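Please view the sequence and the model below before reading on.

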Amino acid sequence: MFQDDNEIKAYMANQIVIMRNQEIIMRGMGLEPWTATISSEKPQATASLSSRFYLSSWAITTYALLANKYTIRRYSKMAKKRIVIDAGHGNQDPGAIGPTGKKEKDFNLTMAIKLDALLKGNPNLQVSLTRRTDVFLELKERVGVANKMPADLFISIHANAASSSANGTETFYNRTTSAPLAGVIQRHMLAATGFKDRGARYGNFAVIRDTKMDAVLLEVGFISNPEEEKKLFQDDFQNRVALAVAQGICEYLGVPFDVQAPTLPGQEPVKVTPYPEMSVTVHTPAGSTYTGYNVKDTTWIPSRPIGELIGGRIGYTKGKVTINGEAVETMNIDGVGYVTARDLTKILGARIFWDKESRNKVEIYPK
């Protein structure tokens, strides 16, 4: 109902004026107003009929409730998003085993640790793993970790298995509320693997069925396929997929993309992109701040999260982003489609401003 404290104050000031006018009218009619505090104060002795009394404490009580509700909402919005990463299988449960004897449990754990390393430095996120070593957890234990927290997202990592010819990347969800998350993760992961697109699909797996938050199960590739098994255990491939999943998580949660490329021990972290970063704030009730980039003095911004936030329809056709069906110049940065801030705001009728004192700050307002 209210966006900030000033709106609450303005509303309550207006209500107080209205009630003061009502008091004047009531006195003119010979009715005695009654003022009470928030505590259990009894009505004045002159009170005889409840219809004659004017409870001015309503203003105080309502203001307090609204202010408290806003404060809770504000802190909820500012709180870190809690993510649980689940490395499937473990210890005596190896999961699927590839043609060369490689075990799914090892791939799952390596990917979970890489993903955690990418996300743990993000100030907007709190990341937990169901396991960090080669141990075995029952399905209910994995679910319990997320539900007891409680988490905002649950990501379970796996490698698929079927015939030696089966191939591709797919993402499973159980509840319809988790379908959008599956779609975002699948899109990012697919670009990183280069495997066949098996889609974001319904699956009746316990870890995504019994968890109470948005939950997905990733099948990165088929460990039973000799070619995909080889890639699944390549360090560069794992780094690329972990980075893609991290990007998808940030996009879905609407938090700034603030992850770093993995490095060897002792090395300084390397930024994912060499371009200067731009802080892009979208001013809507559900708005947030995103990371854009300055490329040759042009501001490029992530198309889907910002475009959809201000009411646009974002798609992809032949390698280009489409905004409400219109293809625009596109730059692929680490698997994410970026468009120029001017193109996006012009097509969607939004207003855009660059901070005069700090040109790396951008403000976008919907029409």
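H5 passes H8 in a right-handed crossing. The axes of helix H5 (residues 179-193) and helix H8 (residues 235-253) come within 8 Å and cross at roughly 150°. Because angles over 145 degrees count as roughly antiparallel, H5 is roughly antiparallel to H8. On the H5 side, the contact is made by Pro180, Leu181, Val184, Ile185, Arg187, His188, Met189, Ala192 and Thr193. H8 contributes Phe237, Arg240, Val241, Ala244, Val245, Gln247, Gly248, Ile249, Glu251 and Tyr252. The residues of this contact of H5 with H8 comprise 12 nonpolar, 4 polar and 3 charged.

H8 also packs against helix H3 (104-119). Here the axes lie 9 Å apart, at an angle of about 55°, which makes H3 oblique to H8. The crossing of H3 and H8 is right-handed. From H3, the contact involves Phe107, Thr110, Met111, Lys114, Leu115, Leu118 and Leu119. From H8, the residues are Asp235, Gln238, Asn239, Val241, Ala242, Leu243, Val245, Ala246, Ile249 and Cys250. Of the residues in the contact of H3 with H8, 12 are nonpolar, 3 polar and 2 charged.

| Helix pair | Distance between axes | Angle between axes |
|---|---|---|
| H5 and H8 | within 8 Å | roughly 150° |
| H3 and H8 | 9 Å | about 55° |

Charged side chains provide another kind of link. Across the whole structure, 10 salt bridges are found. One of the salt bridges joins the side chains of arginine 142 and aspartate 86, with a distance of 2.7 Å from N to O. Arginine 142 belongs to helix H4 (residues 139-148) and aspartate 86 to strand S1 (residues 81-87), so this pair ties together parts that are 56 residues apart in sequence.

Between methionine 149 and proline 150 the peptide bond is cis, with omega near -15°. Proline 150 is located in the loop between H4 and strand S3 (153-160). Histidine 89, although not a glycine, has a positive phi of about 65°, and this residue sits in the loop between S1 and H3. Asparagine 91 is likewise a residue other than glycine with a positive phi, near 50°; the loop between S1 and H3 holds asparagine 91.

Finally, the confidence of the prediction deserves attention. The protein chain has an average pLDDT of 80, and 72% of the residues score at least 70. Over residues 259-265 pLDDT stays under 50, and the model has 18 contacts beyond four places in sequence for this stretch. Residues 267-272 also have a pLDDT below 50, with 14 contacts in the model beyond near neighbours in sequence. Where pLDDT is low, the predicted coordinates should not be read in detail.

Notes
Residues numbered from 1 in each chain as written. Heavy atoms only, no water. Axes fitted to C-alpha atoms, helices over the stretch in contact; angles between N-to-C directions. Helix = DSSP H or I, 4+ residues; strand = E, 2+ residues; numbered from the N terminus. Parallel < 35°, antiparallel > 145°, perpendicular 65-115°, else oblique. Left-handed = near helix turned anticlockwise from the far one by under 90°. Contact = heavy atoms within 4.5 Å. Nonpolar A, V, L, I, M, F, W, Y, C, P; charged D, E, K, R; others polar. pLDDT = per-residue confidence, 0-100. Salt bridge = Lys/Arg side-chain N within 4 Å of Asp/Glu carboxyl O.
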